Amino acid sequence: MKVTTVSIRKIVLSLFFCLGIVTCLQAQDVRFTTIVSNNKVALDEPFQIQFMLENGSDVNNFKIPSLNDFDVLQGPSQMQSQSIMNGRRSESFSVIFVLQPKRVGNFTIRGAEARVNGNLVHSNPVTIEVTKASRGGASQQQPVQQMPNGWPPQRQQGRSQQEEMEGVLKNGEDVNAKLRKNIFVKVDVDKTTLYEGEQLTATYKLYTRLPTNSSVTKVPAFKGFSAKDIELPNPPQASEETVNGIPYRVFTIRKTLLFPMQSGTLELDPVEVDNHVRLVKLVKNNNKQKSRDPFADLFNDPSFNDPFFDDFFNRPEVTYEDVPYKIQTAPVKVTVKPLPVDNRPVSYNGAVGKFSMTASVDKQTLSTDDALTLKVVISGQGNVNLLNAPKVDIPSGFEKYDPKVTDNIEKNSNPLSGTRQFEFVLMPLEAGDQTIPAVEFSYFDPAANSYKTIRSQPFTLHVTPGKQTKRDKEDFSLKGNTITSNYNGALKWVKQSRFLLTSPLFYILLLIPVLLLIAAILYRRRQDYKQNNAAFLKHRFANKVALKRLELAARYLKEGKDKAFYEETSRAVWGYLSNKLHIPFADLSKQLIQDRLAQQQINGQHTAALFDLLDNCEMALYTPMHNNDRMQGTYQQAVTVISQLEDELQRAKSVV
């Protein structure tokens with residue numbers, strides 16, 4: 001019993017000790033500071049003082065020290081902010097004043113006082129040295145830029161006052177010229193000349209030196225490209241870049257990996273961005289002598305539209321204006337070179353990049369009743385999402401089915417990296433030793449400017465007869481060499497005592513001609529139906545072709561994966577055209593497809609519907625809104641287009 005009491009006592013003491021440590025850590029996190037924009041000011045120069053309390057909970061009795069030696073031009077203004085850094089959340093509460101000295105001298109402003117978690121805390125005192133006003137009536141001190149989190153940054157050398165005051169619209173200043181100088185958007189591409197299928201990275205950036213709310217209103221269609229977006233942080237993170245010696249805040253609004261599908265000169269459509277820019281307008285105050293505006297220092301911060309600024313803007317000295325401003329990127333043209341024809345391997349089917357390949361079978365011994373899986377895995381960097389299945393030469397002793405395709409693409413990889421796996425199911429038709437030739441895969445390496453080919457080892461298989469084969473070859477002539485005995489008696493199936501009309505066999509034999517007659521009539525009617533409804537049956541067959549092509553897209557539609565749905569729909573249509581028109585996938589282009597369809601006398605209405613479907617898929621990939629009805633309409637449109645093309649191609653084939 002004594003041991004138990006001691007153990008409980010230790011546990012209680014440990015809990016109090018841990019609670020004390022946590023309390024101490026929390027107390028250490030609380031910071032109460034006094035911050036001034038400048039410790040040395042001129043007599044006619046306003047300055048900002050800020051009392052900031054960080055990580056304080058249950059705050060009350062917040063007391064501001066005496067400011068009798070200064071004129072309060074603005075305040076008190078309150079600001080609250082929250083931030084998360086390295087998984088740690090911090091909060092801050094600030095009270096801000098704009099002051100102007102009354103006389104020359106050295107003045108000490110005592111710290112503010114507050115009660116936090118029941119404890120009384122004080123901020124640090126600050127000393128202000130006030131000098132005489134400069135001859136020009138305004139101080140040449142650099143203004144302070146208010147940061148979003150309430151902390152003023154250190155003053156930067158070499159930056160002029162004009163650069164710090166871009167958010168202020170002076171009397172007579174041209175608004176449009178100011179906006180053009182301080183806000184623009186552009187697209188950066190990592191290359192302007194490349195091969196078909198080679199990756200192109202396009203990055204769209206917004207550059208600004210003004211406080212603005214921006215939204216993208218038009219996205220590029222990327223005609224002639226297959227595109228894949230890179231996910232960006234939400235909300236966008238700002239960085240700083242210097243353009244012509246001027247620093248800008250930069251936001252990346254879109255980053256896309258593009259793979260050209262055709263050669264020639266292609267153009268990246270512009271991106272349009274709507275901005276609402278807040279500009280500060282200074283109004284002359286006739287009641288005071290002309291001096292530098294006391295509030296100009298506070299308007300360089302893009303977050304100045306917080307609620308605590310409402311009182312600030314109601315002052316007669318300052319007004320603000322929200323100006324709409326629409327900008328767009330300049331069109332960018334890229335030159336796409338066709339892939340070399342010389343030395344192109346027979347096994348090449350459109351892969352561009354740098355790849356490796358492995359091929360394997362799941363078994364080497366099987367029977368004719370079993371199925372064999374040949375797995376081909378292609379991995380590397382390049383147009384992984386556009387890879388076609390390599391051509392596999394299967395012996396006549398096997399039946400081959402369409403491969404199952406599985407993708408494993410690395411998220412946000414640049415260049416695009418990952419694997420695509422093809423699984424071929426093979427059914428042996430006859431027993432014996434069979435050999436599957438080596439799988440061959442070729443790709444074009446833009447860095448080496450040459451084609452490269454990878455080959456696997458051939459696969460030797462031993463196929464044994466299955467049960468069905470044994471039954472087919474089984475010898476049912478049991479004791480075939482034995483002479484059967486002669487039996488002169490009546491056989492068992494002879495019924496001498498039964499009358500013919502009472503035998504069921506009689507009626508069965510009687511019904512056989514009737515059944516044959518009915519079967520002949522039904523067969524004749526079916527033949528007439530096929531002959532009279534040939535067009536309908538062809539359309540039905542064509543519809544099966546369309547549904548087979550769009551099988552994977554239908555699954556993505558059901559799961560609500562819009563990007564995967566539109567990518568698979570576009571890939572199915574291009575693959576169908578490549579197969580039906582006998583055009584290699586890498587050589588596909590809208591102009592070539594239009595020429596081939598015209599050669600087969602396919603009317604322009606079907607061609608227009610086809611290209612409209614492809615454009616819809618490309619546009620839908622970059623519309624940031626999920627719409628299931630739109631996906632359903634696109635799926636029905638794809639089925640209709642493929643079915644109609646299948647009908648027309650069958651008709652053209654029959655005419656020839």
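Me: What makes β4, β8 and β9 an open sheet of three strands?
Reply: In this predicted model, the three strands stand in the order β4-β8-β9 with antiparallel pairing, where strands are DSSP runs of E, at least two residues, numbered from the N terminus, and two strands pair if DSSP finds at least two bridges between them. β8 (residues 113–116) and β9 are joined over four bridges in the antiparallel sense, so this pair meets the requirement of at least two; within β9, V121 is the bridge partner of A114.

Me: Why are β4 and β9 said to stand at the edges?
Reply: β4 (59–63) and β9 (119–122) each have a single partner strand, so one side of each is left without a neighbour in the sheet. From one strand to the next, the twist averages 20°.

Me: Which residues touch the most other members of the largest nonpolar core?
Reply: They are I593 and L610, in a core of 68 residues; such a core is a set of buried Ala, Val, Leu, Ile, Met, Phe, Trp, Tyr and Cys residues joined through side-chain atoms within 4.5 Å, buried being under 20% relative accessible area (1.4 Å probe, protein chains only). Helix α12 (residues 628–655) gives the largest share, eight residues.

Me: How do you know that this core lies between domain 2 and domain 4?
Reply: Domain 2 (168–285 + 311–333) and domain 4 (536–654) both give residues to the core, so it lies between them, with bounds from an automatic or database domain assignment.

Residues are numbered from 1 along each chain as its sequence is written. Local features need pLDDT of at least 70, side-chain atom pairs count only at pLDDT 80 or more, totals for chains, interfaces and linings use all residues, and side-chain values use heavy atoms, leaving out hydrogens and water.

Definitions and conventions. Buried < 20%, exposed > 50% of the residue type's maximum accessible area, 1.4 Å probe, protein only. Axes fitted to C-alpha atoms, helices over the stretch in contact; angles between N-to-C directions.
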